[in-house]
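The sequence and structure come first, followed by the description.

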Amino acid sequence: MQGVARVTLGEEILDKVTGDAVHVPVETMHRIENPGTEMLHIVEVQMGAVLEENDIVRYEDNYGRNIESGA
């Protein structure tokens, strides 16, 4: 990772830097953003039986992707 990643994990907000990791429990609402001006590089690793975009529920999307209603 390069830069600072601001991770919202449920109600908790964490700032993460190079070498840090975050585990997102199943069904936990989360968001990753870049609070700085430096380019942010991250590595995302998805684990589980289904590794597809269609197993993700988007509650809000600033990038024009399809948003499904949250359950």
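What percentage of the residues of the protein count as buried? In this predicted model, the figure is 11% of 71 residues. A residue counts as buried here when its relative accessible area is under 20%. The accessible surface of the protein comes to about 6,100 Å², and carbon and sulfur atoms hold 51% of that area.

The secondary structure is brief to describe. The protein has three strands and zero helices, and along the sequence the pattern reads β-β-β. Among contacts in the protein with a separation of 6 or more, 36% are between residues 24 or more positions apart.

The rest of the report concerns the largest pocket. Rolling a probe the size of a water molecule over the atoms shows where empty space is left. The largest pocket holds about 2,100 Å³ of space. Its lining is made up of 43 residues, and those nearest the centre of the pocket are Val24, Thr28, His30, Ile32 and Glu44. Two elements give two or more residues to this lining: strand S1 (5–9) and strand S3 (30–33). S3 gives the most, with four residues.

| Class of lining residue | Count |
|---|---|
| Nonpolar | 22 residues |
| Polar | eight residues |

Of the residues nearest the centre of the pocket, Val24 and Ile32 belong to the nonpolar class, whereas Glu44 belongs to the charged class. Thr28 and His30 count as polar.

Methods: Residues are numbered from 1 along each chain as its sequence is written. This is a predicted model: local features need pLDDT of at least 70, side-chain atom pairs count only at pLDDT 80 or more; totals for chains, interfaces and linings use all residues. Side-chain values use heavy atoms; hydrogens and water are left out. On a 1 Å grid over the protein atoms alone, a cavity is a set of points where a 1.4 Å probe fits but cannot get out, and a pocket is an open set with protein on both sides within 12 Å along at least five of seven lines; lining residues have an atom within 4 Å of a point. Grid points are joined across faces, edges and corners, and a volume is the space filled by probe spheres set on the points. Buried means under 20% relative accessible area, exposed over 50%, partly exposed in between (1.4 Å probe, protein chains only). Contact means heavy atoms within 4.5 Å. Accessible areas come from the Shrake-Rupley method with a 1.4 Å probe; for residues, only the protein chains shown count as cover.
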